[in-house]
Amino acid sequence: MKLPLPRSRIFRSASLKLAAVYGLLFALSSYALVFFLWWATTGLLDQQVEAAIRADGQAFDERWSEGGLPTLMLAIQERLAENFDDDAIYSINAPNGKRIYGNLERWPANVVEPGVFYEVPLTRDGEKVVAIVTSYNLYGGAHLLVGRDVKGRLQFKRLLPGMLLYATILVAVLALFGSLVMRGLFRRMVADVSMTAAAISRGELDRRVRRSGRGDEFDSMAVAINTMLDRISRLMDGVRQVSNAIAHDLRTPIARARARLEDAASHANSEEELRAAVERAVADLDGVTAVFQALLRIAEIEAGSRRSAFAEIDLGPLLADLTDLYGAVAEDHGLTLVLRVPDTLPAYGDRDLVQQAVANLLDNAIKFSPSGGQVKLAAEPLERNVRITVTDQGPGIPEQDRARAAERFFRGEQARSTPGSGLGLALVQAVATLHEGALVLEDAGPGLRAVLTLRAVPPPRMNTPSSAPHGTDIAPVSEPVRS
Amino acid sequence: MRILLVEDDPTVAGFVAKGLREAGHVVEHADNGRDGLFLAASETFDTIILDRMLPGGIDGIRLLETLRSQNNSTPVLVLSALSQVDDRVAGLKAGSDDYLTKPFAFSELLARVEALTRRGKGDGPQTKLIVGDLEMDLLSRAVRRAGQKIDLQPREFRLLEYLMRHAGQVVTRTMLLEGVWDYHFDPQTNVIDVHVSRLRQKIDKPYPKPLIHTIRNAGYMLQPETP
C-alpha cells in the first residue's frame, strides 16, 4: 500500500507539504496559546496586587479615623509582623518628605498623584526590586505609601524564556509526530485512487477505486471516480463497436474497388473495359465517401454543436415539401404517400436536420414497402412536443431487432438485400436526441411505425450539457430506441 | 474563361487544372495563399476556385475576406475537406458563392464553376426564358412548347425554371436539390431523377426532339441540340 516515491521528488510530495503545513499550524497555534496564557496570568497577578494594596489602604483609613497617626503606625507594625512573604511596603512621610514610619528607605520620586498605581524600581535591603505602589494624603499634609514587592512576577518572567524553549522543543516534536500521522492518513487515502489510475493507464480497464463504506468525503469521491470510469468504459465499448462496424462495412467496398482496379490493370483487353472498371471502382469509392460523410454528420450531431442553428420552425410546410419530394418517388414504387399534418405546426430545432431525419424515415418506408401499399406521414402537437409519425405496410422490424435498429451499421435480416448503409436510423436517433426527443419504432401490424418526438418549445437554457430527454416531456409509447 | 485555382495538393490541383483545360478554360494555378491572393488581386478572372486549407499563412477564408474587402466580386467556389455545416456557413459568410466538399466528382466541380460564371455575368431581371421552342413566361407563370401550353405543378415549374436558367450547362443532382428544394443533405435514393423524369413526361415526351438530356456521371442539361 506504499506509494513508491523517488527521492528527488520527495520535496514535491503533496503529503509532505500537507504534513509541513500541519506542523507549522500546530506550532503557531501552540505559541499563540503560550503567549496568551502568560499575558492572562501576569494581568491576573497585577490585579491581585492592586486589590491587596486597596484593601490595605482601606484598613489603614479606618485605623486613622479611629486614633490618628499612632494607631496607623501600630496597624502598620501589625501588618508587617504578619507579612510572611516580606513583600509589603509601607511608608508614612511628613509634609517635608521625611520618613516618619515604615519599611521603605526613600520615597520614590515619581509617586506624586494620590490614588494612582505606579510601577517603580526600589532598593530594599540592598536588593533592587520592582514594586507596585500607591499613595494616600493624610490629614495635616503627611503622606502614606502602600505597595507590594512584585519580585515573584519577575521571577515568573525570568522563567518564561526557558519555559518557551522547552515548549518549543515539545511543540516541534508533537508537530513532527502529528505531521507524520497526517501524511500517512493522506497517503493511504489517495493511494488507492492513484493505484487505480495507474492500473487503468496500464490497460486494466476494469479496475475500480475501493470504497471504504464509511460514507465520508473520500467514499463519495471513490463513487464519483468509479461512475466516471464506468461511463468512459461504456463510451469506449461504443467506440470499439462502431470502429469494428466501420472496419467491416468500409473494408468491403474498398476491397471491391481494389479488386476491380487490380483486375482491370492486369486483365483488361481494351480501353473500354479498363474505363468501365475504373468507373465502377470510382462508384465504390463514392459509396465509401458517403458512409464517411454520414458517420461524420452523426458524430457532429451527437456532439451537440448544431444547437447553435436552432430556431423556431414550422413543420407544416416543411413536411409538405418533403411529401412533395418523396411523393413522386413513392408513386414510382407504386405506393401512395399520404400526408396528415396541420397547416402550421410550430417546433423548435435545426431545419436541415429535421428535414434530413424525416427524409430518412420516408426513404426507409418507401424502400421496404410492397407495391400497392400506403406510406403515411403524420404530425401532431403533443403538449410541449411534436410527434412525427411515418407508417408503412412493409415487413416491419422483428421485436428483438427493434431496440438495435438505430445503432450505427445495424441492418436487419430483411434489410441485407436492399441497398443502404445502415446509418439512416442512427442519424434520425441522433437528431431526436439533439432535439431532446426520442425515436421509437413500433409494430404497425403489418408494417412499421416510426415515431419521432421533438421538443416544440425552446428549452429554458440552451447549453444543457446533458442530451438526455426529460422524462415527462416525452410520451413513452414503448421502449425508446437507444444507440 | 480564365479561372484561378488556389490549391496546395499537387494531385488535386493537377487533376482539376487538366479537366478545366480540357473543358476549354484557361487556368492559372497558385499553390499557396500568398501567391493566390496576389494573382487574384492583380489580375482579372472569371472564377476563382479556392481551397480552404492553404499553406503560407493566408488560408482560404482569409484570402476571400481580403478580396471581398477590396470590392473584388469575382465569383468564388470554396473547396474544403471540412464537411460540417457550420464550415459551409462560414465559407458562404466570408463571401464565397458556392461550396464543395472534398472528395468531389470533377463533373460536379465543372458544373458548379460554369454555373457561377454564368451567374457572374448578371443580365438583369428577365421576364421570359426561351430555350429552342420552349418558352417560359415568368410573370404569368405559363409554359409553352411549340406554341402549346403545358400545365406544370409549382415544383415542376421551379425545376424547369432552374434548368432553363442554366440552359446549355450541366446541372448536377445536388445543384437541383439545393437550388430548387433548398435541401442541404444527401438523399439516399435518386429523388431528383424521379422528378426530372416526370418533367420529361410533360416537356419532352410529346415532342420529336428532347430538350432535357442526361449527362452520364454528372447530371442533366437542357438545350435544343443533343450534346
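Reader: What makes helix H1 of chain A roughly antiparallel to helix H2 of chain A?

Author: In this predicted model, H1(A), residues 14-82, packs against H2(A), residues 151-202, at an angle of about 155°, and their axes lie 8 Å apart. Angles over 145 degrees count as roughly antiparallel, and therefore H1(A) is described as roughly antiparallel to H2(A). The crossing in which H1(A) passes H2(A) is right-handed.

Reader: Which classes of residue make up the contact of H1(A) with H2(A)?

Author: The contact of H1(A) with H2(A) has 21 nonpolar residues, together with 6 polar and 3 charged ones.

Reader: How do you know that strands E11 and E12 of chain B are paired?

Author: Two strands pair if at least two bridges are found between them, and 4 bridges join E11(B) to E12(B), residues 219-222, with the two strands running antiparallel.

Reader: Why are E10 and E11 of chain B said to stand at the edges of their sheet?

Author: The sheet is open and consists of 3 strands in the order E10-E12-E11 in chain B, with antiparallel pairing. Strand E10(B), residues 170-172, and strand E11(B), residues 212-215, each have a single partner strand, so one side of each is left without a neighbour in the sheet. Neighbouring strands of this sheet are turned against each other by 35° on average, with direction ignored.

How values were computed:
Residues numbered from 1 in each chain as written. Chains lettered and ligands numbered in written order. Predicted model: local features only at pLDDT ≥ 70, side-chain atom pairs only at ≥ 80, totals over all residues. Axes fitted to C-alpha atoms, helices over the stretch in contact; angles between N-to-C directions. Parallel < 35°, antiparallel > 145°, perpendicular 65-115°, else oblique. Left-handed = near helix turned anticlockwise from the far one by under 90°. Nonpolar A, V, L, I, M, F, W, Y, C, P; charged D, E, K, R; others polar.
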